[in-house]
Amino acid sequence: MGKRARLPTLMESRPFPIMLNTPHITDFPRTGSPEEQLRFLLRYAILAPSSHNSQPWLWQIEGDEVTLRADFKRAMPNLDPNHRELIMSCGAALQHLCLAIRAFGYAALVHTLPDRSQPDLLARVRLSAPRPATANDELLFRFITKRHTHRGHFEDKPLPCELLNALQQQCEFEGAALHFAQTSEDRDSIVGLVERGDLIQNRDPGSRRDIADWIAPTENRPDGIPASALGLGDLMGHIAPLAQRYLDRGEVIAARDKKIASNAPVLAVLSTSEDTPQGWLAAGQALGRLLLRARAEGVWASFFSQPIQVNEPWFQLRHMTGVHHFPQLVFRLGYADPVAATPRRSVDEVTTVVPIGEPIEA
Ligand SMILES: Cc1cc2nc3c(=O)[nH]c(=O)nc-3n(C[C@H](O)[C@H](O)[C@H](O)COP(=O)(O)O)c2cc1C
């Protein structure tokens, strides 16, 4: 096989001015109140991946229960009008929280979408009686602080079949399915749909605006994708959001993504049997699991949302998932050099505590 073109090197060792306040297991308040424990455990939840690092979650702690709400103020009206990705992001955060609860030796009693009259109310989680964690929970939990999105070069090295099977099992656990592009036709088809998505999306000023809004040119913003995580230096970091907002660079972006997708050791599509908030939450929970399982084997991932966000390629992706399943995310997997973490808003910024006995705000 010919040598693959090298993508721009990411500034791996470059620290972000807003540093991640990475939790450490020895800091768990073992003898603290459930509220203190949940506050600590949420530090793992907020490390979850989220669409454009929008971190669209709000948490409310009351005693031993924490409520997860979607923060629709952080929605992307043009890219994600139905909130598929927003709810998936919250699903991944929910998964991180539950893994952390179980890894510290408690049961997590989860009630998803408990009140359909409140569409932002995604889950209630109760910190429950002590229970030993499974080996799988412990394994996934250990990689929460080591998972980051990797948009750079992946080595030309196949992934073991056992790992691919294990990733599928993690998804099945949440009722989702993972499809790998097995044939060259499947690969070409996905690559073509990524390109098509880029071209259509970049013609639309509203979509370009949504993307531009979530590029963080300087590295002191606690949300958005830092320019350095996109492989951009300081100057380009300032130019990129402006270019994204005002110019149709679809051809350039499609060519770049075509190269990245074509060179990917593995291309995959995550799907669910329901295309509803329940399905999107499950897709996010499955995504949380599979990314951590991949990291446990040294494997990185990055995503291609364009063929999901644009209707025409989304319909065509269903030839891979089958007509009874709905595509939720396209991504690539592979081995690579490490990348740095991106910033997060603090737990305090996204959490309120209700004194026990007071009614929870609707
Ligand atoms: C539902 C979803 C869709 C995403 N789509 C893309 C994408 O199309 N392109 C991309 O580069 N990153 C995508 N990401 C990755 C986020 O940008 C990333 O999780 C976020 O910037 C936080 O960085 P981290 O994953 O390194 O912690 C997606 C993440 C989620 C959860």
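At 35% relative accessibility, Asp-213 counts as partly exposed, where buried means under 20% relative accessible area, exposed over 50%, and partly exposed in between (1.4 Å probe, protein chains only). The structure is a predicted model, in which local features need pLDDT of at least 70 and side-chain atom pairs count only at pLDDT 80 or more, while totals for chains, interfaces and linings use all residues. Residues are numbered from 1 along each chain as its sequence is written, and side-chain values use heavy atoms, with hydrogens and water left out.

Asp-213 takes part in a salt bridge with Arg-245, the closest N and O atoms being 2.9 Å apart. This pair links distant parts of the chain, 32 residues apart, with Arg-245 in helix H7 and Asp-213 in helix H6. A salt bridge is here a side-chain nitrogen of Lys or Arg within 4 Å of a carboxyl oxygen of Asp or Glu; helices (H or I, at least four residues) and strands (E, at least two) are DSSP runs, numbered from the N terminus. Arg-245 is partly exposed, with a relative accessible area of 26%.

Two packed helices are described by the angle between their axes and the distance between the axes. The axes of H6 (residues 205–213) and H7 come within 7 Å and cross at roughly 165°. H6 is therefore roughly antiparallel to H7. Axes are lines fitted to C-alpha atoms, for helices over the stretch in contact, and angles run from 0 to 180 degrees between N-to-C directions. Angles under 35 degrees count as roughly parallel, over 145 as roughly antiparallel, 65 to 115 as roughly perpendicular and the rest as oblique.

Helix H7 spans residues 234–246 and also contains Met-236. With 42% relative accessibility, Met-236 is classed as partly exposed.

Salt bridges number 16 by the stated rule. One of them joins the side chains of Arg-126 and Glu-65, at 3.2 Å from N to O. Because Arg-126 belongs to strand S4 and Glu-65 to strand S2 (residues 65–70), the pair ties together parts that are 61 residues apart in sequence. Arg-126 is partly exposed at a relative accessible area of 36%, whereas Glu-65 is buried at 15% relative accessibility.

Another salt bridge brings together the side chains of Arg-84 and Asp-275 (2.9 Å, N to O). Its partners are 191 residues apart: Arg-84 is in helix H2, and Asp-275 is in the loop between strand S8 (266–272) and helix H9 (277–296). Arg-84 is buried, with a relative accessible area of 9%; Asp-275, at 25% relative accessibility, is partly exposed. Elsewhere, a network of salt bridges links Asp-71, Lys-73, Arg-74, Arg-221 and Asp-223.

Helix H2 (residues 84–103) also holds Cys-98, a buried residue with a relative accessible area of 4%. Between Cys-98 and Pro-34 the C-alpha to C-alpha distance is 14 Å, and the two are 64 residues apart in sequence.

Most residues other than glycine have a negative phi. Asn-53, however, has a positive phi of about 50° although it is not a glycine. Asn-53 sits in the loop between helix H1 (34–45) and strand S1 (57–62) and is buried at 6% relative accessibility. Leu-113, likewise a residue other than glycine, has a positive phi near 40°. Leu-113 belongs to the loop between strand S3 (106–112) and strand S4 (121–130), and its 10% relative accessibility makes it buried.
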